Amino acid sequence: MITVYSGENTTYKGLSSDTKPTGCRNGDRFKEIDTGAVLIYNEAAAEWNVFYSSVDPMSNLVGSGRVGYLVI
């Protein structure tokens, strides 16, 4: 399933030991407040996947994947 991110995606927060919500939409996020891990929901597989980013966490850049912007 191809999904376009919209501002309607939900971000959940909780402990890593908490039961994660089910029936979420593609792109919903779960932030583990005790580990700092971010999980992204995959609706097709009905599972939470750990989000990995190659962006330096000390930078001010936010994003994932191969999306980029050029401002002229």
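1. Glu-32 and Lys-20 are both buried in this predicted model. Their side chains form a salt bridge, with an N to O distance of 3.7 Å. The pair connects distant parts of the chain, 12 residues apart: Glu-32 belongs to strand β2 (residues 29-32), while Lys-20 sits in the loop between β1 (11-14) and β2.

2. The count of salt bridges is two. Arg-25 and Asp-28 also meet through their side chains in a salt bridge, at 3.9 Å from N to O.

3. Is Asp-28 buried or exposed? Asp-28 is buried because its relative accessible area is 2%, and the cut-off for buried is under 20%. Arg-25, by contrast, is partly exposed, at 39%.

4. Asp-28 is located in the loop between β1 and β2. The side chain of Asp-28 makes a polar contact of 3.4 Å with that of Asn-9. A polar atom of the Asp-28 side chain also lies 3.0 Å from the backbone nitrogen of Thr-10. Beyond neighbours within four places in sequence, the contacts of Asp-28 include Tyr-12, Leu-39, Tyr-41 and Trp-48.

5. Which residues make up the largest nonpolar core? This core has five residues, namely Cys-24, Phe-30, Leu-39, Tyr-41 and Trp-48. In soluble globular proteins, nonpolar side chains tend to be buried together.

6. Phe-30, one of these core residues, has contacts beyond its neighbours within four places in sequence; among them are Leu-39, Trp-48 and Lys-20. Lys-20 is also the salt-bridge partner of Glu-32.

Note on methods. Residues numbered from 1 in each chain as written. Predicted model: local features only at pLDDT ≥ 70, side-chain atom pairs only at ≥ 80, totals over all residues. Heavy atoms only, no water. Core = buried A, V, L, I, M, F, W, Y, C linked by side-chain atoms within 4.5 Å. Buried < 20%, exposed > 50% of the residue type's maximum accessible area, 1.4 Å probe, protein only. Contact = heavy atoms within 4.5 Å. Salt bridge = Lys/Arg side-chain N within 4 Å of Asp/Glu carboxyl O. Helix = DSSP H or I, 4+ residues; strand = E, 2+ residues; numbered from the N terminus. Polar contact = N/O pair within 3.5 Å; in protein donor to acceptor, adjacent residues only side chain to side chain.
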